[in-house]
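User: I'd like to learn how to read a structure like this one, feature by feature. Could you walk me through it?

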Amino acid sequence: MLPTQASFPAARPRRLRRTAPLRALVRETTLTVDDLIWPVFVRDGVGLREEVPSMPGVERRSVDLIVEAAAEAADLGIPAICLFPYTDPAFKTERCEEAWNPENLSNRAIRAIKAEVTGIAVMTDIALDPYNINGHDGYVVDGEIVNDETVEALVKMALAQAEAGADILGPSDMMDGRIGAIRTALEAAGKKDVTIMSYAAKYASAFYGPFRDAVGASGALKGDKKTYQMNPANSDEAIRLVARDLAEGADMVMVKPGLPYLDICTRVKETFGAPTFAYQVSGEYAMIEAAARNGWIDGEAAMLESLTAFKRAGCDGILTYFAPRVAGRLQAG
Ligand code: PBG
């Protein structure tokens, strides 16, 4: 017990929980709209939107509707939107050339948002999986995911995204050396102010399933991602990876998935004091929504509780599919 703590009955902690004003006064953490990054799925076409079956309430949108969504998010005060392309299987190859095509879906969406919407940062994903015929984040050679060749491709992808106007690059591939390589290339290309949010502690998780449906990678993926994503049993390794990525030039770091890894979020924040984000991933969203839609939990309350938990754990912000819904809710008070 802390030395200043009175004992019962001098101390009755319930006194401070008795009324809403008293609870508000002693509240330790607050979720605000400033904490939100909204991941969205981009598809081709015009005026098209379609729901992702395993993520009820989440849609793939064509570029014109992504621009609309970004404008709505900016009006709600959401600071950043993160783009994930649903790529036509015809563009998937072994060399993943579409990844650095300046006219690919993601780069067109960046340009379109930047041309029409102010007041929101655009974040990207850097990994080869949407463009890879194998569904992996890196090149596959003789059944192995090869590191250094993949990093060369990721650098080209990063430069194309920076050129298109991205504010935050999000390497999610878990190859070694990619943050340093991307940072060096950005400096050399005069893109000194483009920020990097490294998916530094990204685990080989069962909670990514619905996302792989959303980007059309589920069918393509052969095997698992355990040779590059982290073992869910590890914690010290996360600290080493965050240290490395910060040393290589990451401006912000991420832990992913979210709720099952709150202990990692806390350790990372306490160890480095760097801007630390968590990704409440597709499977986490799907679990809450599925239970809520069955009437098994109060979805609105579970959404707010889960997002508040990230703040309590020390995160500076959260990537969440709930972003517009929770922002609307916070705005309404
Ligand atoms: C791609 C990527 C994934 C996610 C974000 N970027 C999937 C994966 O690593 O297989 C998952 C996001 C989510 O589940 O919401 N590298």
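Analyst: Gladly. Let's begin with burial: a residue is called buried under 20% relative accessible area, exposed over 50%, and partly exposed in between. Arg 325, at 32% relative accessibility, therefore counts as partly exposed. Please keep in mind that this is a predicted model.

User: Which residue does Arg 325 meet in a salt bridge?

Analyst: The general idea comes first: side chains of opposite charge can pair when their charged atoms come close. Here, the side chain of Arg 325 meets that of Glu 300, at 3.1 Å from N to O. Arg 325 lies in helix α11 (residues 323-332) and Glu 300 in helix α10, so this pair ties together parts that are 25 residues apart in sequence. Glu 300 is partly exposed too, because its relative accessible area is 26%.

User: How many salt bridges are there?

Analyst: The count comes to 22 salt bridges. One of them joins the side chains of Arg 61 and Glu 59, at 3.6 Å from N to O. With a relative accessible area of 12%, Arg 61 is buried, while Glu 59 is partly exposed at 21%.

User: Which residues are linked in a network of salt bridges?

Analyst: Look at Asp 173, Asp 176, Arg 178, Arg 244 and Asp 245, which are linked in such a network. Within it, Asp 245 pairs with Arg 244, their closest N and O atoms being 3.1 Å apart. Asp 245 counts as buried because its relative accessibility is 0%, and Arg 244 counts as partly exposed at 22%.

User: Arg 178 also belongs to a helix. Which residues of helix α5 are buried?

Analyst: In α5 (residues 178-188), the buried residues are Arg 178, Ile 179, Gly 180, Ile 182, Arg 183, Ala 185 and Leu 186. To see what covers them, look around the helix: the cover includes α4 (147-164), β8 (168-169), β9 (195-202) and α7 (236-247). Just after α5, Gly 190 takes a positive phi of about 75°.

User: How should I read a positive phi in a residue other than glycine?

Analyst: Met 174 has a positive phi, near 65°, and lies in the loop between β8 and α5. Met 174 counts as buried, because its relative accessibility is 8%. Asp 142 has a positive phi as well, near 50°, and its place is in the loop between β6 (139-141) and β7 (144-146). Asp 142, however, is exposed, with a relative accessible area of 79%.

User: And where are cis peptide bonds found?

Analyst: One runs from Phe 8 to Pro 9, with omega near 5°; Pro 9 sits in the segment before α1. Another joins Lys 256 and Pro 257, where omega is about -5°. Pro 257 is in the loop between β10 (252-256) and α8.

User: Speaking of α8, at what angle do helices α8 and α10 pack?

Analyst: To read helix packing, take the angle along with the distance between the axes. Helix α8 (residues 262-272) packs with helix α10 (residues 299-313) at about 30°, and their axes are 8 Å apart. On the α8 side, Leu 262, Cys 265 and Thr 266 make the contact; on the α10 side, Ala 309, Phe 310, Arg 312 and Ala 313 do. By class, this contact has five nonpolar, one polar and one charged residues.

User: Is Lys 225 buried or exposed?

Analyst: Lys 225 is buried, because its relative accessible area is 6%. You will find Lys 225 in the loop between α6 (209-214) and α7. Leaving aside neighbours within four places in sequence, Lys 225 is in contact with Asp 129, Gly 135, His 136, Asp 137, Ala 204 and Arg 212.

User: Which residues form a nonpolar patch on the surface?

Analyst: Leu 16, Leu 25 and Val 26 form one, and together they have about 300 Å² of accessible area. Val 26 lies in the loop between α1 (20-25) and β1 (36-43). With a relative accessible area of 42%, Val 26 is partly exposed.

How values were computed
Residues numbered from 1 in each chain as written. Predicted model: local features only at pLDDT ≥ 70, side-chain atom pairs only at ≥ 80, totals over all residues. Heavy atoms only, no water. Buried < 20%, exposed > 50% of the residue type's maximum accessible area, 1.4 Å probe, protein only. Helix = DSSP H or I, 4+ residues; strand = E, 2+ residues; numbered from the N terminus. Contact = heavy atoms within 4.5 Å. Axes fitted to C-alpha atoms, helices over the stretch in contact; angles between N-to-C directions. Nonpolar A, V, L, I, M, F, W, Y, C, P; charged D, E, K, R; others polar. Patch = residues over 30% accessible without salt bridge, like charges linked within 9 Å, V, L, I, M, F, W, Y side chains within 5 Å. Areas by Shrake-Rupley, 256 points an atom, 1.4 Å probe, with all protein chains shown as cover. Salt bridge = Lys/Arg side-chain N within 4 Å of Asp/Glu carboxyl O.
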